[in-house]
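Colleague: I'm new to this one. Can you walk me through it?

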Amino acid sequence: MGISFKQVSHYYPTHKKKQFTVAFENINLNINAQGEFVSLVGKTGSGKSTLIQHINGLVLPSKGEVEVFGKTITSNKKKNPKMKEIRKQVGFVFQFPEYQLFEETVLKDIMFAPKNFGQTEEEAKQSALEAANILKIDSDLLEKSPFNLSGGQMRKVAIAGILAYNPDVLLLDEPTRGLDPKTADEIMDLFYEIHKEYNKTIILISHDMNLVYKYSTRIVVMNDGELTYDGDKVKLFKDNIYKDNHLSKPDVLEMVDYLNDKLNYKLDYNVFDEKQLIDKVVKLHE
């Protein structure tokens, strides 16, 4: 088992003494070390971001424990493992990761994390070049300032800096926020390729149900600080569980409903993007 939440609760202090705001309580959740593409969804304020920040020790549990690749994180700072070791295995792509760029060239920025985790200059350079290639960052950009790039290019550079030290698990907190649709699709396709080719587990937070439905192998739903669903993405929408959790239905399923209702088609929900839907409709008319 890669990641395991065991009766984990998190409380935020308020301005009033001995009073707390509950982020979530008694969470039990297991995520495999490899091969999963898990989407964590729920309305704003449901506790999603706080939950995944526990995985690499950005915040500590108020109660319970989080086990990450055999290392146990608790509320006791003195007894916890070195967070640097955990963060080497768990890469975190924050919202707007390009805000963390700071080096004078793209290459140096991508090299920073590998060097910080102990690679030599030459090793870090090789890792950076490999990550840049995966993200399809043109070689002629590597010696430019990252601040002279487009927003989409800057996002890719920031992500390359995380891929360069080869974490076992990737945490993605709204990775496409602020991007145009074309660049957002490119970014998500790249993450999916990484997931498939390297068998990496990816944990995605997103409000975009189109992305969630297209890429996830499993969906976990949070609602008012509780886990209310953990399982198959088709079942979540087919059985209308999404409605009770304030989620929207993916566009492709709205199209399926329309075609079934208006044209008496018999399409099921095992279709995850518009291209697949078009292919199914074409086959019906062959």
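Modeller: Some terms to start: axes are lines fitted to C-alpha atoms, for helices over the stretch in contact, and angles run from 0 to 180 degrees between N-to-C directions. Helices (H or I, at least four residues) and strands (E, at least two) are DSSP runs, numbered from the N terminus. This is a predicted model: local features need pLDDT of at least 70, side-chain atom pairs count only at pLDDT 80 or more, and totals for chains, interfaces and linings use all residues. Residues are numbered from 1 along each chain as its sequence is written, and side-chain values use heavy atoms, without hydrogens and water.

Colleague: At what angle do H3 and H4 pack?

Modeller: About 120°. H3 covers residues 106-116 and H4 covers 121-134, and their axes are 8 Å apart. That makes H3 oblique to H4 (angles under 35 degrees count as roughly parallel, over 145 as roughly antiparallel, 65 to 115 as roughly perpendicular and the rest as oblique).

Colleague: Which residues of H3 make the contact?

Modeller: Leu107, Ile110, Met111, Pro114 and Lys115. Contact means heavy atoms within 4.5 Å. On the H4 side, Glu121, Ala124 and Leu129 are among them.

Colleague: New topic. Which helix gives the largest share of the lining of the largest pocket?

Modeller: H3, with five residues. H2 (83-89), strand E6 (90-93) and H5 (151-163) each supply at least two.

Colleague: How many residues line that largest pocket?

Modeller: 23 residues line the largest pocket. Phe92, Gln100, Ala113, Ile162 and Tyr165 lie nearest its centre. A pocket is an open set of points on a 1 Å grid, where a 1.4 Å probe fits, with protein on both sides within 12 Å along at least five of seven lines; lining residues have an atom within 4 Å of a point.
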